[in-house]
Amino acid sequence: MLPDPHPFADRLRSLLASDQAGEDLRRYFGIGQPADAASFTGRRFEQLAGGGDRPAVANVVTADDLIALQTLSVTIPAQGALDLLEGPLGLQLSELLHEIPNHLDMADADASDLAPGSPADAAWHLLTSQPGIGWVTAGKLLARKRPRLLPVYDQVVRCILGRPTSFWLDLHSALRADDSALHHELLALRRSARVPDTVSALRICDVVLWMRHHEEHRTADCIG
């Protein structure tokens, strides 16, 4: 038997199509939940203070962005934060952000927008080269600035998806396949779960995957 040529896309679609996906979204975003239900601070990540991609701040890192990162349980060390807000690191990142499309869905982007050598890739490498800023934090900061184009990605999501070689490009390919069918499924899932349409399709994808695996990941000592 020939190997499955699209294992990443197939795994992703099976997780998103499950009956549990909608309930996990409602639980995460607090939709229709009891007043005493557990609260997930990450529900505010994209839209805190109006969002990191709003025109006035889309190309600069703000204190609101740094607080938004904390809702996803990551922080940038104080020196790095000051450098992003007031120093040369912030200026370098701002130059790159000007070159990264804003308000463009990953499903509508070209692979060149995400590939090695792209401004997005350069921004990720710039951040990860800084002391105390790892790949998870760098990705989350870029997802705050470009929520429709760049996804949140951490150890839990990497683990449940089988440690893809190039998450951005693999996800891009999956979202664009079959006339962007998976992208439209994410939007339909958002509607059915009654999540506000200010939440990006990429964030819907991330939350479903994270909710499915985060408890098991923590208790089973996964290697992801």
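Author: Asp113 is in contact (heavy atoms within 4.5 Å) with Pro101, Leu104, Ser118 and Ala120, leaving aside its neighbours within four places in sequence. The model is predicted, so local features need pLDDT of at least 70 and side-chain atom pairs count only at pLDDT 80 or more, whereas totals for chains, interfaces and linings use all residues. Residues are numbered from 1 along each chain as its sequence is written, and side-chain values use heavy atoms, with hydrogens and water left out.

Asp113 sits in the loop between helix 5 (88-97) and helix 6 (119-128); helices are DSSP runs of H or I with at least four residues, strands are E runs of at least two, and both are numbered from the N terminus. Asp113 is buried but has no salt bridge. Buried means under 20% relative accessible area, exposed over 50%, and partly exposed in between, using a 1.4 Å probe and protein chains only. A salt bridge needs a side-chain nitrogen of Lys or Arg within 4 Å of a carboxyl oxygen of Asp or Glu. The nearest side chain of opposite charge is Arg176, 7.9 Å away; Lys and Arg count as positive and Asp and Glu as negative, without His or the chain ends.

Next, the aromatic residues. The structure holds seven aromatic pairs, where rings of Phe, Tyr and Trp (its six-membered ring) pair if their centres lie within 6.5 Å, with planes under 30 degrees apart stacked, over 60 edge-to-face and the rest tilted. Tyr28 and Phe40 are stacked, because their ring centres are 5.1 Å apart and their planes are at 20°. Tyr28 belongs to helix 2 (residues 20-29), while Phe40 is in the loop between helix 2 and helix 3 (63-71). Phe40 and Trp210 have ring centres 6.1 Å apart and planes at 90°, so this pair is edge-to-face. Trp210 is in helix 10 (residues 201-219), 170 residues from Phe40. Phe40 is buried at 14% relative accessible area, and Trp210 is partly exposed at 21%.

Beyond four places in sequence, Leu25 touches residues including Leu189, Ile204 and Val208.
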